[in-house]
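Me: I am new to this structure. Please show it to me, and then take my questions one at a time.

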Amino acid sequence: MKKDIQISYEQYQSSNELAEIEKELYLKAKEARENAYAPYSQFFVGCAVLLENGDIHVGNNQENAAYPSGLCAERTAMFWISANFPDENIEKVFVVGGPKELSLTRAPIPPCGACRQSMMEYESKQNKNITLYFANLNDEVIKVNAIKDLLPFYFDGTFL
Ligand code: THU
């Protein structure tokens, strides 16, 4: 039996089309990107996370001379939040990334597979969708309604 999976997402040509809180997250993620430690890839990523209590926390990618020891912006932010505010639900995650050289900017950068899996863990834990936004430096934004939308057949604790 053939089955299909469909996801829907929203695409914005400009962050001006976003709601105020979304714009704020976009700006915070962009700001956090400025502090990324990415001397090896020169690819700078910032992430802003809105908690249910209204607080916003940020992260950015942290690279290492031993390459695999580094960490993406999304996981840097998520692990900080889970370590320090373990009882707070996560509402929205906004990711902004791109190379230092603006002319090399491509489409909005989606979270890598490992970050999707890590974010999925918290979405499952809180049993409430996390809205995800990702953007490039040309102000183009994509919005998806849940982490699981980007991770069909996700693996989580219910299988253990
Ligand atoms: N990176 C992120 O921080 N988030 C993503 O979603 C994609 C990739 C980082 C990892 C590495 O420091 C650099 O971007 C290049 O892969």
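Reply: Buried means under 20% relative accessible area, exposed over 50%, and partly exposed in between, with a 1.4 Å probe and protein chains only. This is a predicted model, in which local features need pLDDT of at least 70 and side-chain atom pairs count only at pLDDT 80 or more, while totals for chains, interfaces and linings use all residues. Residues are numbered from 1 along each chain as its sequence is written, and side-chain values use heavy atoms, with hydrogens and water left out.

Me: Is Q126 buried or exposed?
Reply: Q126 lies in helix α3; helices (H or I, at least four residues) and strands (E, at least two) are DSSP runs, numbered from the N terminus. Its relative accessibility is 14%, so Q126 counts as buried.

Me: What do the buried residues of α3 pack against?
Reply: Helix α3 covers residues 113-126. Its buried residues include C115, M119, Y122 and Q126. They pack against α2 (73-84), β4 (90-99) and β5 (131-135).

Me: What span does α3 reach from its first C-alpha to its last?
Reply: The expected span of a helix is 1.5 Å times one less than its number of residues. With 14 residues, α3 is expected to span 20 Å, and its reach is close to that, at 20 Å.

Me: How much of the ligand does the protein bury?
Reply: An oxygen atom of the ligand is 2.5 Å from an N or O atom in the side chain of E63, and a polar side-chain atom of E74 lies 2.6 Å from a ligand oxygen. Taken alone the ligand exposes 380 Å² (Shrake-Rupley method, 1.4 Å probe). The protein buries 76% of that.

Me: How many residues of the shell around the ligand are nonpolar?
Reply: The ligand is surrounded by residues with a heavy atom within 4 Å of it, including F43, V45, A73 and P110. Ala, Val, Leu, Ile, Met, Phe, Trp, Tyr, Cys and Pro count as nonpolar, Asp, Glu, Lys and Arg as charged, and the others, Gly among them, as polar. The shell has 2 charged residues, 2 polar ones, and a nonpolar group of 7.

Notes
Contact = heavy atoms within 4.5 Å. Polar contact = N/O pair within 3.5 Å; in protein donor to acceptor, adjacent residues only side chain to side chain.
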